[in-house]
Amino acid sequence: MLDWTYPNELFPTEVRATAVGVATSVSRVGAAVGTYLLPLSLTGLGTGPTMLVAAGVTAVGLLVCVLWAEETRGTALGAANGAPAGRASQAGPQAVPVR
């Protein structure tokens with residue numbers, strides 16, 4: 001879900017479609033890698049260590065988001081993507097922020 005919503009809020013209209021495509025592609029590659037690595041990890045490491053590794057990856061993702069992800073709640077679309085005031089109005093109607 002966030003691979004579609006977040007890039008739409010962060011990138012200017014000119015590159016928005018490319019940003020969504022890149023985010024979707026990366027998420028699909030991650031899903032495919034996880035699909036093939038999980039059975040190998042369960043066989044090689046066991047259930048407990050595999051779940052600890054998964055929890056560690058999730059914790060790193062949370063830390064990265066907390067430290068570096070821009071909060072866009074309550075921000076107009078033009079302001080969230082850093083577009084100048086005149087450019088934001090040319091991009092069309094402002095989207096309602098996701099809550």
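Analyst: A patch here is built from residues with over 30% relative accessible area and no salt bridge, joining like charges within 9 Å and nonpolar side chains (Val, Leu, Ile, Met, Phe, Trp, Tyr) within 5 Å. A salt bridge puts a side-chain nitrogen of Lys or Arg within 4 Å of a carboxyl oxygen of Asp or Glu. Quick heads-up: this is a predicted model, where local features need pLDDT of at least 70, side-chain atom pairs count only at pLDDT 80 or more, and totals for chains, interfaces and linings use all residues. Residues are numbered from 1 along each chain as its sequence is written, and side-chain values use heavy atoms, leaving out hydrogens and water.

User: How much accessible area does the nonpolar patch on the surface have together?

Analyst: Val60, Leu62, Leu63, Val64, Val66, Leu67 and Trp68 make up this patch. Areas come from the Shrake-Rupley method with a 1.4 Å probe, and for residues only the protein chains shown count as cover. Together the patch residues have about 760 Å².

User: Is Val64 buried, partly exposed or exposed?

Analyst: Val64 sits in helix α3, residues 47–68. Buried means under 20% relative accessible area, exposed over 50%, and partly exposed in between (1.4 Å probe, protein chains only). Because its relative accessible area is 37%, Val64 is partly exposed.

User: Where does α2 bend?

Analyst: Helix α2 covers residues 13–44 and reaches 46 Å from first C-alpha to last, close to the 46 Å expected. That expected span is 1.5 Å times one less than the number of residues. A bend is the angle between axes fitted to the seven residues ending at a residue and the seven starting there. In α2 the angle is about 30°, with Pro39 following within four residues, and the spot is Leu37.

User: Is Ala17 buried or exposed?

Analyst: Ala17 is in helix α2, where Arg16, Ala19, Val20 and Ser41 are buried. Since its relative accessibility is 65%, Ala17 counts as exposed.

User: How far apart in space are Glu9 and Ala76, C-alpha to C-alpha?

Analyst: Glu9 belongs to helix α1, residues 2–10, and at 13% relative accessibility it counts as buried. Glu9 and Ala76 are 67 residues apart in sequence, while their C-alpha atoms are apart in space by 8.7 Å.

Technical notes
Helix = DSSP H or I, 4+ residues; strand = E, 2+ residues; numbered from the N terminus.
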